[in-house]
Number of protein chains: 2
Amino acid sequence: MTGEASDLGGGLQPLERPVPSDLTTLHPFDQATGIRAEGDHLTGATSDLYWAFVGPFGGATAATMLRAVLDHGERRGEPLALTVNYCAPIQRGGFAVDVRLVRANRSSQHWAIELTQAGEGVVATATAVFAERRPSWSHQAAAMPQVRPAAEVPALPNDKSSSWLRQYEFRFASGDPRFGATLNEQPASARSEVWLSDSPPRPVDALSLAAMADAFFGRIFHVRGGLVPFGTVSMTTYFHVDAADLAAEAITGLLGVADAHVFHKSYADQTAELWSPSGRLLATSQQIAYFKA
Amino acid sequence: MTGEASDLGGGLQPLERPVPSDLTTLHPFDQATGIRAEGDHLTGATSDLYWAFVGPFGGATAATMLRAVLDHGERRGEPLALTVNYCAPIQRGGFAVDVRLVRANRSSQHWAIELTQAGEGVVATATAVFAERRPSWSHQAAAMPQVRPAAEVPALPNDKSSSWLRQYEFRFASGDPRFGATLNEQPASARSEVWLSDSPPRPVDALSLAAMADAFFGRIFHVRGGLVPFGTVSMTTYFHVDAADLAAEAITGLLGVADAHVFHKSYADQTAELWSPSGRLLATSQQIAYFKA
């Protein structure tokens with residue numbers, strides 16, 4: 001929770017009686033992705049802290065939809081797969097979250113989630129698979145890229161930002177953003193290796209993995225060296241660890257590796273790997289995004 | 001359509017009058033993934049030709065669900081993203097396909113599809129994004145692996161198979177299946193490079209891309225060198241070409257590259273790339289699968 005006190009002004013007197021914990025101890029990420037029950041349905045609201053160019057940071061939306069299942073009374077097991085479809089721009093303000101258990105098996109569940117705004121209709125859909133993960137033979141075929149440790153890499157100066165960028169600390173080990181006013185003729189590399197953590201720090205869990213899977217700049221910005229209209233259309237994340245594995249890692253930061261295969265006819269893909277500093281692959285993700293360039 | 005005549009016995013006399021085209025000219029893949037309207041809903045049926053270990057070949061299911069949207073009167077644009085969740089074993093026989101247009105935008109559509117069997121409930125769900133793809137700056141960041149041409153690689157002897165395997169020709173340029181009775185202690189490579197085509201040959205389109213994205217053997221079989229219980233749980237495929245691009249390629253075969261990142265607590269991922277022989281990346285896919293080993 002480091003750093004959060006400053007948001008309160010820094011000069012507060014000790015409180016005489018306990019206040020609801022959600023007002024004092026909730027990390028901004030948990031506030032931004034919070035869900036509450038209103039009657040027989042769930043609601044949430046966009047967060048200005050996690051605002052992106054023309055809507056909320058897509059990672060916050062993904063985490064919100066995942067949380068709606070995680071908090072559900074019938075939920076069993078842990079997140080295994082999450083696909084989020086960003087159907088339309090999400091407006092500032094409130095939204096309803098509809099959650100449906102489509103199928104429950106002995107050790108897995110299939111969920112469908114829809115996010116709706118008044119007057120806007122459905123703005124996002126998701127499907128999620130939850131599973132009780134049993135012990136098995138284990139093998140990590142992929143190897144973590146060898147990069148400089150986070151402490152040796154300068155943080156991106158984002159403290160002046162008014163957007164979601166400020167809610168993360170980015171330390172680019174490679175492929176740092178160098179965006180200018182004119183676009184590259186020759187494409188630069190689409191690959192970035194970046195140490196990511198919430199700011200202020202927050203223990204990494206499935207919710208933050210779902211969000212960090214989207215915490216990369218559009219690959220089109222990197223290859224063209226500048227900002228162009230861009231938006232994620234669909235994102236799928238696989239979770240390769242459960243809560244016990246994450247508890248054993250006990251981390252607040254991770255190495256994100258983002259890349260792309262192809263940019264064609266206004267759409268491009270993005271791949272992402274999220275690595276624990278110990279070299280464990282926590283999650284993999286891919287997304288398809290619109291661009292105009 | 002080469003080879004299909006042999007299914008009819010080879011000694012048929014010329015027909016005196018036209019017969020419905022779906023009885024004489026449909027490729028087995030199109031028969032297996034066919035959809036028909038019955039009243040106000042859509043139905044299909046599993047195909048014994050595309051049967052896998054305990055249910056239909058997942059690629060056929062994916063193609064069937066994609067076809068239900070492709071054939072829909074309100075469909076605009078071309079497949080961009082398809083996520084299929086395999087909720088439960090699909091039994092031999094018929095099923096209903098429910099298709100819902102969740103959101104239509106100016107140049108994209110979001111669809112939800114459910115596959116239901118009587119007495120079984122929902123056995124598969126899918127979301128699909130369709131888009132009218134506009135010209136843009138293009139760049140293929142990924143390069144096709146350098147492998148031997150298909151003609152120089154022997155075909156996997158699968159003519160004795162009674163399963164979906166027989167509906168494809170597999171020519172392994174690397175990572176061919178070497179499955180024995182005992183499992184490897186030391187994991188072998190998870191990577192395979194395989195020339196794939198329908199058998200008999202069929203022009204590659206979005207439907208066959210959706211199926212071929214699943215036409216790899218479980219990566220767990222490769223790393224452990226033997227067969228173990230295995231099943232795809234969720235698969236997401238991105239289409240990087242439209243129908244015009246595919247028409248320009250005019251191919252019946254492609255190079256599939258499959259790999260995996262991690263096998264842990266009974267689940268493993270799989271990545272797949274589908275390459276045109278000319279070196280063009282047609283589609284990328286990932287899936288998460290259950291295994292018992």
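Six salt bridges are counted between chain A and chain B, a salt bridge being a side-chain nitrogen of Lys or Arg within 4 Å of a carboxyl oxygen of Asp or Glu. The side of chain A that touches chain B has 29 nonpolar, 21 polar and 14 charged residues; here Ala, Val, Leu, Ile, Met, Phe, Trp, Tyr, Cys and Pro count as nonpolar, Asp, Glu, Lys and Arg as charged, and the others, Gly among them, as polar. This is a predicted model, in which local features need pLDDT of at least 70 and side-chain atom pairs count only at pLDDT 80 or more, while totals for chains, interfaces and linings use all residues. Residues are numbered from 1 along each chain as its sequence is written, chains are lettered from A in the order in which they are written, and side-chain values use heavy atoms, without hydrogens and water.

**Interface**
- In chain A, 64 residues are in contact with 64 residues of chain B, contact meaning heavy atoms within 4.5 Å.
- About 5,500 Å² is buried between chain A and chain B, 54% of it on carbon and sulfur atoms; buried area is the accessible area (1.4 Å probe) that two parts lose on being put together, summed over both.
- Polar contacts join 47 residue pairs across the interface of chain A and chain B, both residues at pLDDT 80 or more. Such a contact is a pair of N or O atoms within 3.5 Å; within protein, one must be able to donate a hydrogen and the other to accept it, and residues adjacent in sequence count only if both atoms are side-chain atoms.
- Strand E12 (residues 262–264) of chain A pairs with strand E7 (residues 139–140) of chain B in the antiparallel sense over two bridges, and pairing requires that DSSP finds at least two bridges.
- In this pairing, Val262(A) is opposite Gln140(B) in E7(B).
- Helices (H or I, at least four residues) and strands (E, at least two) are DSSP runs, numbered from the N terminus.

**Symmetry**
- Chain A superposes on chain B by a rotation of 180° with 0.0 Å of shift along its axis (RMSD 0.0 Å), which is the relation of a two-fold axis.

**Salt bridges**
- Over all chains, the whole structure has 26 salt bridges.
- Between the chains, Lys265(A) bridges to Asp242(B), with the closest N and O atoms 2.8 Å apart.
- Arg67(A) and Asp30(A) form another salt bridge (2.8 Å, N to O). Arg67(A) lies in helix H3 (residues 58–70) and Asp30(A) in helix H2 (residues 28–32) of chain A, so the pair ties together parts 37 residues apart in sequence.

**Backbone**
- Ser199(A) and Pro200(A) are joined by a cis peptide bond, with omega about 0°.
- Ser266(A), not a glycine, has a positive phi of about 75°.

Key: Least-squares fit on C-alpha atoms with pLDDT ≥ 70 in both.
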